Amino acid sequence: MEKKKFYMTTAIAYTSGKPHIGNTYEIVLADAIARFRRMQGYDVFFQTGTDEHGQKIELKAQEAGITPKEFVDNVAGEIKRIWDLMNTSYDKFIRTTDDYHEKQVQKIFKKLYDQGDIYKGSYEGLYCTPCESFWTPSQLVDGKCPDCGREVQPAKEEAYFFRMSKYADRLIDHINKHPEFIQPVSRKNEMMNNFLLPGLQDLCVSRTSFKWGIPVDFDPKHVVYVWLDALTNYITGIGYECDGESSDLFKKNWPADLHLIGKDIIRFHTIYWPIFLMALDLPLPKQVFGHPWLLQGDGKMSKSKGNVLYADDLVEMFGVDAVRFFVLHEMPFDNDGVITWELMVERINSELANTLGNLVNRTISMSNKYFGGVVNNIGVIEPVDRELRETAVSAAQKASEKMDELRVADAITEIFALFKRCNKYIDETMPWALAKDESKKDRLATVLYNLVESISIGASLLEPFMPETSERILTQLGAKKRSLEVMNMFGLYQSGTKVTEKPEILFARLDMKEVLDKVEAKRGEAGAAADAGSNGEKADDLETAVIDIEAKPEITYDDFAKLQFQVGEIIACEAVKKSKKLLCSQVRIGSQVKQIVSGIKAHYTPEEMVGKKVMVVVNLKPAKLAGVLSEGMLLCAEDAQGNLALMTPDKDMPAGAEIC
């Protein structure tokens, strides 16, 4: 019987810089889904890749003093390295600079132009450079880009446009008839109410103000707008041919069964992309899932300043499967998740070292101690065995039901419920007590068999989420990986099998202080070296140094009370063009986002700023710095050498908390 196909994709990663753990979460999530679908018997094709064109790339390459192609080659290589580091099982890694993709994009653009869906005009509107999107005034939120909250700039240029309204009613009808198309439901409601029902504007699909893009071959001063270029990777990567015979791979796999993307780009995938496909007379993908974000929990998590976490740093500290477990298990279905060093340590100790690692170690150790490692199914059954067996044989179905709904965290919870039930079973049966009574030897053998059998089922079920750990457990037990079809059967572990003589420690318990000390040491390496090199002082001397500054006139409490200080969380940051000193940060304060320009470029990179909790003067009169509006002030400390440090709360406080 031929396997049912399952074609899934991630969003292709933008090659503007090294992906942090929030970006990496998506590929790990996709990999878990792909592996589980393979376990369910599907013929899976799993595609990922990189998005490599656009104005932002062109500017970053200029700053780096290299060509855009050299820049994206470097970043794409780093992205692929991290995807491989995380043990992801993708079948295809596409780059939008691949020749075959660029040629198809040009053909698609020409086809849509020839059939009247694309027309030439000029655009005068408000442009967000980071999002590479034009907006009308009515679409702005508080005068800023509705996607990222940054400033938009007036722009006018000749451009090609796509007639979005031509297909809007057809798309609305499709969404209404296919409630599973956009998931979670909250994302569907957002797209319908905020974009489709109010009426779609025609979409700008070419640019002339920069060159790093795919040229429109019949009008080469234009390059194809990045979203038309990027979105089509889902069909070009599997062999779509616009003006001829598409490949067998395309015919087999299209339409996609799942586009897995971040919630911030849901509009492009559920409005623009379906309409492009309608214009090409192609079926729509079956489902688009906009997953939530993995947020950094406090300001202590970057390599240098403590505010950005990278997958390779986490893997170096905890191992691949521990990181995979955390990002998959800690992410709710439709709410943002949080990652901190402290949370990582707590979950590894409680779930991986204790619940799982200790269970496997105890079971193997007892099998060796009492029976020389040989596990026999003697069949001395007692009522206490029933619940364990029921939990074991139902685990696969429960996990499958959760995975069918893409509730990955819940599926892992079901698997760990089996491991926790095994631990409870040990407490209930007390093998050490049975071992003291020779007449209970057969009962003891049965207890240990039940444990090994249950763990074998759980370890097999764990493979999509923690593939290396699954294999290590099964190897130590001398067990084979189960197929999903037989995980509802208890007793398949071969009686008489011998477990390993020396159980391997799967996950050692971590000392919180030791881990945080390592983090601080790693974080401080660069800073300590810079301090010692700049003024010849030891780091310890600097920590105790004091400085005096000129006193300002006294103020009354009423003067002070006029100032409003709150905790803000930096959600985005970029360098201000034409300025050597300024960074522009988007700072979440309560339910609002304020744009704040600060002269701290020499002390922090934009990547280091993202995720920090900072102290903000929020009622400062807005002013323009280097032509960019600033709506507040970030508070910093400054030493005698002019080094700046942002003032941050020493405990995790919510964005918007009043500083008094």
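Two strands count as paired if DSSP finds at least two bridges between them. Keep that in mind for Phe161, whose bridge partner in strand E9 is Cys204. What you're looking at is a predicted model, with a mean pLDDT of 89 for the protein.

- E7 (residues 153–162) runs antiparallel to E9, and two bridges join them.

**Two packed helices**
- Packed helices are described by the angle between their axes and the distance between the axes.
- For H11 (residues 311–318) and H12 (residues 320–329), the angle is about 120° and the axes are 7 Å apart.
- That angle makes H11 oblique to H12, and their crossing is right-handed.
- On the H11 side, the contact comes from Leu314, Val315 and Phe318, while H12 brings in Val320, Ala322 and Val323.
- What kinds of residues make this contact? Six are nonpolar, with no polar and no charged ones.

**How confident is the prediction?**
- A pLDDT of 70 or more is reached by 92% of the residues.
- Residues 298–306 stay under 50, and the model gives them 38 contacts beyond four places in sequence.
- Residues 526–548 also stay under 50, with 10 contacts beyond four places in sequence.

Definitions and conventions
Residues are numbered from 1 along each chain as its sequence is written. This is a predicted model: local features need pLDDT of at least 70, side-chain atom pairs count only at pLDDT 80 or more; totals for chains, interfaces and linings use all residues. Side-chain values use heavy atoms; hydrogens and water are left out. Axes are lines fitted to C-alpha atoms, for helices over the stretch in contact, and angles run from 0 to 180 degrees between N-to-C directions. Helices (H or I, at least four residues) and strands (E, at least two) are DSSP runs, numbered from the N terminus. Angles under 35 degrees count as roughly parallel, over 145 as roughly antiparallel, 65 to 115 as roughly perpendicular and the rest as oblique. A crossing is left-handed if the near helix is turned anticlockwise from the far one by less than a right angle, and right-handed if clockwise. Contact means heavy atoms within 4.5 Å. Ala, Val, Leu, Ile, Met, Phe, Trp, Tyr, Cys and Pro count as nonpolar, Asp, Glu, Lys and Arg as charged, and the others, Gly among them, as polar. pLDDT is the predictor's confidence in each residue, from 0 to 100.
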